[in-house]
Amino acid sequence: MQFDDDKPLDPSQVEDVRASGPRPGGGRGGGFGGMPGGCMLPIGGRGGGGCLLLLLAVGAMFLFGIVPSPFTGDEGGQQGGQGGGQQPSAPPVASPSGNLAERCKTGADADQSEDCRVVGTVNSIQSYWRQAFQERGRKQYTPAKTVLFSQAVDTGCGAADSAVGPFYCPADRKVYLDLTFFDTLQRDFGAEGGPFAQAYVIAHEYGHHVQNLLGTMNRVGRGNRPGADSPSVRLELQADCYAGVWAQNAVKTGFYREPFSQSDIDQALSAAAAVGDDSIQRRTQGRVTPDAFTHGTSQQREKWFTTGYESGDPERCDTFSGGI
């Protein structure tokens, strides 16, 4: 995974709020107990019967319901979350000491710095989806920022801490990432790790942003229960597929020197397997409980990432029709 050394980066797509320190207990409702203005979509999670799609630190959950179309779905993404009519909490303010613009100027910086690698990855992902929307006659792609935080952060979906893992908040249309998650992914979940494991996770979260813009989330309700064939699982597997689609097309965005190697792809597959519901449940409770699935099995997550990668076509990411 090598960036084009001369490719200019756009660090404005990433906010760094780590220098401001943890921001626990902000947001609405006095902390983690509820998220009336939206819902978090994490990459995976731990504990109990497995991570639920909308993970709250005290175990409260919202669940998605009725299935939508995939990439050809309705227009009109989720603007302000679902419920309560309350306004999102104020977004984090980037600290000058975390100014990425001074450090992340070109692809050469992305090859040398983890922070700049995040910037380059986000730039490439959004460049691809902007072009994909145009080619397919969709409405204009609206960029989403990634927020780098440490330990805890306030979001439009409420307060969150690092235990949630990387997540997308539909209410403020941002991806939230604590980079220490990737150490946890290797140490506690047995993932191979590596730069492309990070890229896969970020691309998965931007898959949720695409679902939001296409109206997929609006057409999925909250009456659903978790389960092996649940809409929440199908939503997550589609995001995995979208990540694979970007991976196949990433070199065309001009940010990478060459197509990703099989070693890169293996890092993504290892990460996908590590955050499968069955894998997490075996590690945390010693048994597999399919009725509690919300993200899909390790095999399913690998399968749908591979489907996206081999096809390079978002239209092939229809996880809502037939078996998964």
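**The open sheet**

Five strands form an open sheet with mixed pairing, in the order β1-β5-β9-β8-β2; strands (E, at least two residues) and helices (H or I, at least four) are DSSP runs, numbered from the N terminus, and two strands pair if DSSP finds at least two bridges between them. This is a predicted model, in which local features need pLDDT of at least 70 and side-chain atom pairs count only at pLDDT 80 or more, while totals for chains, interfaces and linings use all residues. Residues are numbered from 1 along each chain as its sequence is written, and side-chain values use heavy atoms, with hydrogens and water left out.

- β2 runs antiparallel to β8 (residues 167–169), and two bridges join them.
- Within β8, F167 is the bridge partner of P42.
- Strands β6 (residues 152–155) and β7 (residues 158–161) run antiparallel and are joined by four bridges.
- β6 and β7 form a hairpin, with two residues between them, and A152 has D161 of β7 as its bridge partner.

**Nonpolar cores**

- A nonpolar core is a set of buried Ala, Val, Leu, Ile, Met, Phe, Trp, Tyr and Cys residues joined through side-chain atoms within 4.5 Å, where buried means under 20% relative accessible area, exposed over 50% and partly exposed in between (1.4 Å probe, protein chains only).
- The largest core has 70 residues, and W129, F196, Y200, W246, F260 and F305 have the most contacts inside it.
- At least two residues of this core come from each of α2 (114–135), β9 (174–177), α3, α4, α5, α6 and α8.
- α4 gives the most to this core, with eleven residues.
- A second, separate core has twelve residues, among them V17, M40, V147 and C157.

**Packing of α2 and α5**

- α2 and α5 pack with their axes 10 Å apart, at an angle of about 95 degrees; axes are lines fitted to C-alpha atoms, for helices over the stretch in contact, and angles run from 0 to 180 degrees between N-to-C directions.
- α2 is therefore roughly perpendicular to α5, a term for angles of 65 to 115 degrees.
- T121, S124, I125, Y128 and W129 of α2 meet Y242, V245, W246 and N249 of α5, where contact means heavy atoms within 4.5 Å.

- The buried residues of α7 (277–285) are D277, D278, S279, I280, Q281 and Q285.
- α5 (231–249), α6 (262–274) and α8 are included in what covers these buried residues.
- G286 follows α7 and has a positive phi, near 80 degrees.
- T297 is found in the loop between α7 and α8 (298–311) and is buried, because its relative accessible area is 16%.
- Leaving aside neighbours within four places in sequence, T297 is in contact with G276, D277 and D278.

**E192**

- E192 lies in the loop between α3 (181–187) and α4 (195–214).
- E192 counts as partly exposed because its relative accessibility is 42%.
- Not counting residues up to four places away in sequence, E192 touches Q186, D266, Q267 and S270.
- E192 and A268 are 76 residues apart in sequence, with their C-alpha atoms 8.6 Å apart in space.

Terms used
Angles under 35 degrees count as roughly parallel, over 145 as roughly antiparallel, 65 to 115 as roughly perpendicular and the rest as oblique.
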